[in-house]
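Here is a note for a colleague who is meeting this structure for the first time. Please read the points in order, with the model open beside them.

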Amino acid sequence: MAAKPAAGAPAARPAAAGPAKPRPVIRYDVAPRRLVRWEGMLDWAIRPGRGILYAGLLLGLTLVYGTSRGGHWGEVGSALFTVPDAIASAAGFGIRQITVDGRRALTDHEILDALQFGHGRSLVFLDLGAARHRLMDNPLVKDATLRKLYPDRLVIHVTERDAYALWQHDGKFFVIAQDGTTIMPADGRFPHLPLVVGVGADAHAHEILSALDAVPALKDRVYAAVRVGDRRWNLRLDNGVDVKLPNQDFDQALKQLAGLDASDKLLERDITEVDLRRADRMTVRLSDAAAKAEADAMAKTKKKKGGKA
C-alpha cells in the first residue's frame, strides 16, 4: 500500500500513461474576456428606451458646442451660480440690509461692486474673504472687515486712507496722502483739498501746507502752491497774484506777508507779484494799468516841478 504524502508537501506527479499526444494550439484574434465585455456593452446599448438618453446626450453636446462658439461661458456660469443664492434667498437668507461704518469718500457703487451684489444675493453664499479682497483693491481703502449677521444683514467697517492734497503733474490730478504717496487719480470727490503743482510737490506738500496752517487768513486765499525747480515754492492766490517764497525759512516770509496784508491790505492792491526771496527786502510788481498810472503821476509831478523852476 502506497504511503500518503505528508501534509503540506507537494504531491507527486502522476505517472505518464503512455506516450504524450501533441495538444492543439488555440489562437484568439480577440481575448475571450474582451469578447464578453463588448457583447455586454452592445446588449446594454440596444435596450429599449435608450433613444431618449442618446437624444439628450446629443442635445447637451450641441449646447456645449454652441456656448463655446458663442463665447457665453461666463453667462452660463453666472446663471448656475445664482441658483443656490436664489434657493437661500427664498429660505429667508437674502441680503436685506448692508451697514457700512467708517466711510467718508467711498460710494455705494464701489461697495456694491466689491460685494458683487445683485438681486437675490444671499448671505449664505457670500464669500467674505473674496469680497474683502475686492474692497481692498480700491486705493481709498486702507483696511476693511466684513461680518455676517444672520439671517439677512451684512456689516462692513472700512478704514479709508486720509486724502491730504491734490497734486497736479503733467496736466493730470492725483489725490495724495500726507507723506506724498499717490492714492488715486482725482475724480471730483475732493474739491476742498489744497492744490500743489509740479515735480516734487507731492513729496514736499506737507512742508508748505503746514507753514500755511500758521497763517489761516493767507491760506484761505491760496489757490495753488507751485513747486519751482524742486527747491522752493511760489503761491498763486485767488486774485491771480503770485508770491515768490525763499528756499529756506519760507514760514517766516509767510508770516511777514500775512502781517502786511492785515495792516496795509497789501494783497488787495493792484499788483501782480510779491517777491519774498530775499530776507532783507520785499519787491512788489504793479499791474500794467497801475504801473502806467503811477508813471503818468510821476511825469505830472516832474512837469509841475519843472514849471515852478
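Does Asn138 count as buried or exposed, and at what relative accessibility?

1. Asn138 counts as buried because its relative accessibility is 14%, where buried means under 20% relative accessible area, exposed over 50% and partly exposed in between, computed with a 1.4 Å probe on protein chains only. The residue is found in the loop between H5 and E2, and, not counting residues up to four places away in sequence, Asn138 touches Leu106, Glu110 and Arg161, contact meaning heavy atoms within 4.5 Å.

2. A word on the basis of these values: this is a predicted model, in which local features need pLDDT of at least 70 and side-chain atom pairs count only at pLDDT 80 or more, while totals for chains, interfaces and linings use all residues. Residues are numbered from 1 along each chain as its sequence is written, and side-chain values use heavy atoms, with hydrogens and water left out.

3. As an overview, the protein has nine helices and 12 strands; helices (H or I, at least four residues) and strands (E, at least two) are DSSP runs, numbered from the N terminus. Of the 309 residues of the protein, 27% count as buried. Among contacts between residues at least 6 apart in sequence, 48% join residues at least 24 apart.

4. Helix H4 covers residues 108–115, and Ile111, Ala114 and Leu115 are buried in this helix. These residues lie on the same side of H4, because they cover an arc of only 100° around the axis, the arc being that of the directions from the helix axis to the C-beta atoms. The cover over the buried residues of H4 includes strand E1 (97–101), helix H5 (128–136), E2 and E3.

5. Just after H4 comes Gln116, a residue other than glycine whose phi has a positive value near 50°. Gln116 lies in the loop between H4 and H5 and is partly exposed, with a relative accessible area of 49%.

6. The structure holds two aromatic pairs. A pair of aromatic rings is described by the distance of the centres and the angle of the planes. Rings of Phe, Tyr and Trp (for Trp, its six-membered ring) pair if their centres lie within 6.5 Å, and planes under 30 degrees apart count as stacked, over 60 as edge-to-face and the rest as tilted. One of the pairs is formed by Phe93 and Tyr150, whose ring centres are 6.0 Å apart and whose planes stand at 80°, so the pair is edge-to-face. This pair links distant parts of the chain, 57 residues apart: Phe93 is in helix H3 (residues 73–93), whereas Tyr150 is in the loop between strand E2 (141–149) and strand E3 (153–160). Phe93 counts as partly exposed at 30% relative accessibility, and Tyr150 counts as partly exposed at 48%.

7. Trp167 and Phe174 also form an aromatic pair, which is tilted, with 5.9 Å from centre to centre and 40° between the planes. Trp167 counts as buried, because its relative accessibility is 10%.

8. Pro151 is found in the loop between E2 and E3.

9. Which residues of helix H6 meet helix H8? Glu207, Ile208, Ala211 and Leu212 in H6 meet Phe250, Asp251 and Leu254 in H8. By class, this contact has five nonpolar, no polar and two charged residues, where Ala, Val, Leu, Ile, Met, Phe, Trp, Tyr, Cys and Pro count as nonpolar, Asp, Glu, Lys and Arg as charged, and the others, Gly among them, as polar. H6 (residues 201–213) and H8 (residues 250–264) pack at an angle of about 35°, with their axes 9 Å apart; axes are lines fitted to C-alpha atoms, for helices over the stretch in contact, and angles run from 0 to 180 degrees between N-to-C directions.

10. Two exposed loop residues complete the note. Asp170 lies in the loop between strand E4 (165–169) and strand E5 (172–176); its phi is near 55°, a positive value in a residue other than glycine, and Asp170 counts as exposed at 69% relative accessibility. His192, in the loop between strand E6 (182–185) and strand E7 (195–197), counts as exposed at 62% relative accessibility.
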